[in-house]
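This briefing is for a reader new to the structure. Please look over the sequence and the model before going on.

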Amino acid sequence: MKSILDYETVALVDEDDAIEIIDQTLLPGTIETIRLHTGKEIWDAIYLLQVRGAPAIGVTAGFGLYLLMKHSEAASYEEFMEELKEKSDYLNSSRPTAVNLSWALKRMESHVVEFTGTGKSFDLSKTIEEMRAESERIKAEDIDVCRRIGENGLTLIKDGYGLLTHCNAGQLATCKYGTATAPMYLAHEKGMNIKVYCDETRPLLQGARLTAFELHSAGIDTTLLCDNMSASLMKTGAINAIFVGCDRVAANGDAANKIGTSVVATVAKRYGIPFYVCAPTSTIDINTKTGDDINIEQRKPEEVTEMWYKERMAPEGVKVYNPAFDVTDNELITGIVTEYGVLKSPYDVAIRKLFEEHKNR
Ligand code: MRU
């Protein structure tokens with residue numbers, strides 16, 4: 001039988017002018033792929049978390065922008081760019097925190113500018129074909145980058161380790177391996193004995209529905225716990241290291257990730273457990289100075305008050321606090337695992353150096 005790991009998180013189905021995704025809101029009970037054809041369908045799928053996780057959102061946006069421009073009838077470069085910017089802004093408005101969304105859209109736009117020599121050699125069909133190729137490159141690079149994050153993260157794991165993760169920074173959040181889970185998959189591939197503990201991740205349960213599902217399907221020793229149990233677990237000594245993903249790393253190393261991540265990092269510091277943030281460089285935003293400048297998505301109160309029950313599970317009229325992400329202060333982070341290596345504090349210096357050395361990104 002096909003396992004969840006045999007499915008592609010995001011795929012371009014060019015002949016049908018569609019993006020195919022696994023509808024992640026139905027997991028783990030139902031594995032169902034859906035095709036997104038229109039801008040509204042793509043926007044909704046990102047907003048509703050049918051496709052989610054920073055890198056997967058970026059890949060979807062790249063494919064989306066290509067598909068929305070594929071049948072453009074623009075008569076000039078200027079017209080083409082105007083249309084492209086409008087579609088790009090629309091897709092970019094679906095979720096605010098994961099920088100991979102705007103990163104992928106900007107990358108697509110810059111590629112068009114470069115490919116056409118800022119319009120000097122504009123040819124409609126060649127430009128559209130080049131957008132397709134660039135969107136496929138974003139996906140291929142995601143797989144390569146995650147693998148390299150896995151290799152760098154693996155250097156931080158020893159045989160017998162207990163590892164904790166929060167939310168889903170797994171294969172379902174990327175195109176393969178995941179970021180935080182990549183070292184786990186590689187350790188498992190190498191026959192190392194590891195135990196992975198997954199926070200369930202209220203309110204949308206990405207840890208329970210997605211991470212526990214994919215790791216368990218891969219045959220990794222997986223244990224699920226409620227978010228409020230992680231301190232007691234850390235106190236037992238069962239956790240040797242923590243790996244989480246992130247949605248945006250600021251220039252000073254502050255890292256936004258799923259709500260609850262900063263609680264895990266704070267408790268980890270108390271118990272002296274190394275806390276690693278796994279981040280492709282596409283998730284590092286040098287234009288955002290600190291975590292205070294990161295736009296944290298606020299989501300609907302109903303996700304907290306009635307999402308998982310047939311009936312309301314909180315009193316009518318009660319106020320709800322429902323930020324989708326929080327920011328972990330850089331001083332709580334032991335290392336930022338990128339595809340180029342593990343960055344260490346002071347992160348402003350390490351991040352600047354990383355961008356100087358890899359300017360061509
Ligand atoms: O709201 P979500 O499910 O998109 O949040 C996802 C996360 O917070 C992930 O940890 C993050 O995007 C990194 S994915 C490699």
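Predicted model: local features only at pLDDT ≥ 70, side-chain atom pairs only at ≥ 80, totals over all residues.

Residues are numbered from 1 along each chain as its sequence is written.

**Annotated residue**
- An unreviewed UniProt entry gives the annotation "active site" to Asp247; such annotations may be inferred rather than shown by experiment.
- Asp247 lies in the loop between strand S7 (241-244) and strand S8 (248-250); helices (H or I, at least four residues) and strands (E, at least two) are DSSP runs.
- Asp247 counts as buried because it has 32 C-beta neighbours inside 10 Å; the cut-off for buried is 20 or more other C-beta atoms within 10 Å, with C-beta atoms placed from the backbone.
- Leaving out residues up to four places away in sequence, the contacts of Asp247 include Ala54, Thr97 and Phe325 (contact: C-beta atoms, placed from the backbone, within 7 Å).

**Nonpolar core**
- The largest nonpolar core has 97 residues, and Ile242, Val277 and Cys278 have the most contacts inside it (a core is a set of buried Ala, Val, Leu, Ile, Met, Phe, Trp, Tyr and Cys residues joined through C-beta atoms within 7 Å).
- Helix H2 (residues 54-70) gives the most to this core, with eleven residues.

**Helix H9**
- In helix H9 (residues 261-270), the buried residues are Thr261, Ser262, Val264, Ala265, Val267 and Ala268.
- These buried residues pack against several elements, including helix H8 (230-236) and strand S10 (275-278).

Definitions and conventions
Buried ≥ 20, exposed ≤ 12 C-beta atoms within 10 Å, placed from the backbone. Contact = placed C-beta atoms within 7 Å.
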